[in-house]
Amino acid sequence: FLPQVDSANAGRVLASDAAVFLKKSGLTDLVLGKIWDLADTDGKGILSKQEFFVALRLVACAQNGLDVSLSSLNLPVPPPRFTDTSSPLLLSGTASSDLPWAVKLEDKVKYDAIFDSLNPVNGLLSGDKVKPVLLNSKLPVDILGRVWELSDIDRDGMLDRDEFAVAMFLVYCALEKEPVPMSLPAALVPPSKRKPLSVPGAMPLIPSSTKESHQSLPPVGILAAKTPLTQ
């Protein structure tokens, strides 16, 4: 990544160059600001090579639902993902099918029981049936909208058993005060969805502009309609 933001090869990254690059992570300005403050230890508006790597590590933490703090730096996370298709990191998603699913078996049994209690039709739950369960969590509506966006992996406006488990997993993470990621971490993509999708296929979940993010993140999906969210 460094050559992309340090074209002069000076071993340092200016705030303006880093901002353009880090925005491709799909994280909010608020989160990116926090990442910059933690990485720019002396407050000079310039990152050394080491500080830039700290920033990348914090981006990866945020994308995987971990707290953006220096204490998260030692936790194991996949590499950060950026929307720039020339980025070598997109290639790191190719082995995602080998990753263990983040939803534990004992939790999946509980989520399946809730799923079955909602009377799925042909193995699918509509947004209308999922909505009361999500609202019952008392989480903010914008968070629930993002949970729906991330869990409706095949974009059909319905959740199957595995997608519902992803939604429940994200809800419980949010209830534990962990931030809901802006894009679905590779480890959270259900094994049943990995072959046709692979991780680069999940990239459109990261809004490519603020305009799009306003359209994709609000609660319209779960809170409004019977029509598929892809509209």
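Figure 1. Buried means under 20% relative accessible area. Gly157 has a relative accessible area of 13%, so it counts as buried. The model shown here, as in every view below, is predicted. Gly157 sits in the loop between helix 7 and strand 4. Leu125 is 32 residues away from Gly157 in sequence. In space, the C-alpha atoms of Gly157 and Leu125 are 8.9 Å apart.

**Figure 2. Arg155, in the loop between helix 7 and strand 4 (158-159).** Is the phi of Arg155 positive or negative? Phi of Arg155 is positive, near 60°. Arg155 is a residue other than glycine. Most residues other than glycine have a negative phi. The relative accessible area of Arg155 is 29%, which makes this residue partly exposed. Partly exposed residues fall between the limits for buried, under 20%, and exposed, over 50%.

**Figure 3. Lys138, an exposed residue with a positive phi.** Lys138 is placed in the loop between helix 6 (127-135) and helix 7 (141-151). Its phi is near 65°. Lys138 is also a residue other than glycine. How exposed is Lys138? Its relative accessible area is 69%. That value is over the 50% limit, so Lys138 counts as exposed.

**Figure 4. Glu163 and its contact with Asp154.** Glu163 belongs to helix 8. This residue is buried, and its relative accessible area is 0%. What does the side chain of Glu163 reach? It reaches the backbone nitrogen of Asp154, at 3.2 Å.

**Figure 5. Helix 4, a largely enclosed helix.** Helix 4 covers residues 49-63 and has 15 residues. How far apart are its end C-alpha atoms? They are 21 Å apart. At 1.5 Å a residue, the helix should span 21 Å, so the two values agree. Of the 15 residues, 11 are buried, so the rest of the structure largely encloses helix 4. The buried residues include Glu51, Phe52, Val54, Ala55 and Leu56. Leu58, Val59, Ala60, Cys61, Ala62 and Gln63 are also among them. An α-helix has 3.6 residues a turn, so residues three or four places apart point the same way. Gly65 follows helix 4, and its phi is positive, near 80°.

**Figure 6. Cys61 in helix 4.** Is Cys61 buried or exposed? Cys61 has 0% relative accessibility, so it counts as buried. Pro80 is 19 residues from Cys61 in sequence. The C-alpha atoms of Cys61 and Pro80 are 7.9 Å apart in space.

**Figure 7. The largest pocket, between two domains.** Rolling a probe the size of a water molecule over the atoms shows where empty space is left. The largest pocket has a volume of about 590 Å³. Where does this pocket lie? Domain 1 (12-72) and domain 2 (105-193) both give residues to its lining, so the pocket lies between them. Helix 5 (105-117) and helix 8 (161-175) each supply at least two lining residues.

**Figure 8. The lining of the largest pocket.** How many residues line the largest pocket? The lining has 24 residues. Asn64, Ala102, Phe169, Cys173 and Leu188 lie nearest the centre of the pocket. By type, the lining divides into 17 nonpolar, two polar and five charged residues.

Conventions
Residues are numbered from 1 along each chain as its sequence is written. This is a predicted model: local features need pLDDT of at least 70, side-chain atom pairs count only at pLDDT 80 or more; totals for chains, interfaces and linings use all residues. Side-chain values use heavy atoms; hydrogens and water are left out. On a 1 Å grid over the protein atoms alone, a cavity is a set of points where a 1.4 Å probe fits but cannot get out, and a pocket is an open set with protein on both sides within 12 Å along at least five of seven lines; lining residues have an atom within 4 Å of a point. Grid points are joined across faces, edges and corners, and a volume is the space filled by probe spheres set on the points. Helices (H or I, at least four residues) and strands (E, at least two) are DSSP runs, numbered from the N terminus. Ala, Val, Leu, Ile, Met, Phe, Trp, Tyr, Cys and Pro count as nonpolar, Asp, Glu, Lys and Arg as charged, and the others, Gly among them, as polar. Domain bounds come from an automatic or database domain assignment. The expected span of a helix is 1.5 Å times one less than its number of residues. Buried means under 20% relative accessible area, exposed over 50%, partly exposed in between (1.4 Å probe, protein chains only). A polar contact is a pair of N or O atoms within 3.5 Å; within protein, one must be able to donate a hydrogen and the other to accept it, and residues adjacent in sequence count only if both atoms are side-chain atoms.
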